[in-house]
Amino acid sequence: MVAKAVHAADSTLSKAELTPAALLLQNEVFRGSGGVSDENRSLGFRPAFYDMETGAVHPSCFANGLPAPMHLLDGLPSELVLARLDSGRVTAVKSGIVAGFMRQGQFFTRVQAAQASQDLRCASRELSNPLHNHRLLEVWERFMLGQDYADEAIRPVVEDSWRRCHASCIDPQLGHAPLGADSEQVEYRRYRQADLRDAAYPVLQRAQELLNRSSSVILLTDEHGLILDVAGEQRSRHAAQDINLVPGGLWSEEAVGTNAIGTALAAGEAVQLYGAEHFCSGIKHFTCSADVIHDPHDGRVIGAVDLSGLTETYQRNALEFAMNAARLIEANLAAAYFSSREQVLQCSRALFGRWREQGLLAFDRRGRLVRANGLAHPQLKALDSAFELSPQTRLGALDLDDDSQSAAVAPSWLASQPQHAIAQRGRRIGTLLVLEGVGG
């Protein structure tokens, strides 16, 4: 985990004027965390700047336009520059410019890059070893009896999960996962995840073609471990039904103990489990490999993809298969996200021209911030000093697809600020928030 002090520093620095001195200070704060260029370059991160007002991302460049390996202000477009020396070196840029990184089409703040770097280097993605299965059954029995169970066969990711399950009083004799809700609630939750399901559909369909002879199923879940969709050959899907590997099955650790879906979601990383590594005895005859799926807007985990089958179907490359599927789904999500962002940017231009003297925030249909003008920063700070305005800001209360949001989860100032629809050809695609101040 990135230290709390680094999070606090990032929040403070993101509000300060961006100058060469501020960039040096940021580098000092994030040194050793993975949030600086020379520590994350090998992982595919490239220094970049995010413009809060336009939603544009600008790769860091030298003054001549060539890519720079570190954060430099000199290559930013002239309209962003506030001051420069006679030599041409930029000494200050306008407010709302955030230093971060681009990787695989996604912008990362320094904090997010630091966390992602740590995740990418995490060693707990090692594969299961079926040869340890009988030993692990004995280890599990000793663990359940409170006896000394120390054994090199148990991997840290498994041991940590067992401890969480034991602390949560999970029934170790469970034979299947529970169903998360009644059919209407399940359908509503599947509807709420339309973006994720649409992005996953072609991936699951292609995977089904590849899995026809493997006796495995591939599953898509939401961030709570609720199965949204299942694909695979019919006999494998029939076997999976016995333990509720079906739409509506709830596979969080809290519901069914250590399993690849729930443990991947709990750990925030890819996990493979074999037989005895599961916590509950009723699913110890299965093997599963899962990886989490991240939102392209802010990097938060929004679901998981899992490959499951009986233990005799174990394949060493199953985890790689699941990880590749997760990356393909994320790529589809990113394409849809950036398309919707571009629509909001284009359709909000006239609105931003109409209210030039007020702070403006444009959100997409899911309540994700797309752009903010310069006046929005001080006005929002006056309304709510604790509210973070960043490229990853999200207001769930402005999610047009969520009719379950309650006023209690919205900032107290939101109801007093005028909202206007951002529309494209008569269809609402986002929300413009016009900041008028307290009591405005």
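Axes of helices are lines fitted to C-alpha atoms over the stretch in contact, and the angle between two helices runs from 0 to 180 degrees between their N-to-C directions. In this predicted model, helix α5 (residues 133-144) and helix α6 (residues 156-167) pack at an angle of about 35°, with 12 Å between their axes.

**Overall form**

The chain contains 14 helices and 16 strands. Its C-alpha atoms fill a box of roughly 75 × 45 × 40 Å along the principal axes. A compact globule of 440 residues would have a radius of gyration near 22 Å, so the 24 Å of the chain agrees with that expectation.

**Two helix pairs**

Two packed helices are described by the angle between their axes and the distance between the axes. The table gives both values for two pairs.

| Helix pair | Angle between axes | Distance between axes |
|---|---|---|
| α5 and α6 | about 35° | 12 Å |
| α8 and α12 | about 145° | 8 Å |

The crossing of α5 and α6 is right-handed. On the α5 side, L136, V139, W140 and F143 take part, and they meet W162, R163 and H166 of α6. By class, this contact of α5 with α6 comprises 5 nonpolar, 1 polar and 1 charged residues.

A right-handed crossing is also found where α8 passes α12. From α8, the contact draws on D195, L196, A199, A200, P202, V203, A207, L210 and L211, while α12 contributes F321, A325, L328, I329, N332 and L333. The residues of the contact of α8 with α12 divide into 13 nonpolar, 1 polar and 1 charged.

**The second largest pocket**

Helices α8 and α12 also belong to the surroundings of the second largest pocket, where each supplies at least two lining residues. The space in this pocket amounts to about 700 Å³. Its lining consists of 36 residues, and R192, Q193, D195, R366 and D399 lie nearest the centre.

Helix α12 gives the most, with 8 residues. By class, the lining of the second largest pocket has 16 charged, 11 nonpolar and 9 polar residues.

Key
Residues are numbered from 1 along each chain as its sequence is written. This is a predicted model: local features need pLDDT of at least 70, side-chain atom pairs count only at pLDDT 80 or more; totals for chains, interfaces and linings use all residues. Side-chain values use heavy atoms; hydrogens and water are left out. On a 1 Å grid over the protein atoms alone, a cavity is a set of points where a 1.4 Å probe fits but cannot get out, and a pocket is an open set with protein on both sides within 12 Å along at least five of seven lines; lining residues have an atom within 4 Å of a point. Grid points are joined across faces, edges and corners, and a volume is the space filled by probe spheres set on the points. Helices (H or I, at least four residues) and strands (E, at least two) are DSSP runs, numbered from the N terminus. Ala, Val, Leu, Ile, Met, Phe, Trp, Tyr, Cys and Pro count as nonpolar, Asp, Glu, Lys and Arg as charged, and the others, Gly among them, as polar. A crossing is left-handed if the near helix is turned anticlockwise from the far one by less than a right angle, and right-handed if clockwise. Contact means heavy atoms within 4.5 Å. The radius of gyration is taken over C-alpha atoms; the globule rule is 2.2 Å times the number of residues to the power 0.38.
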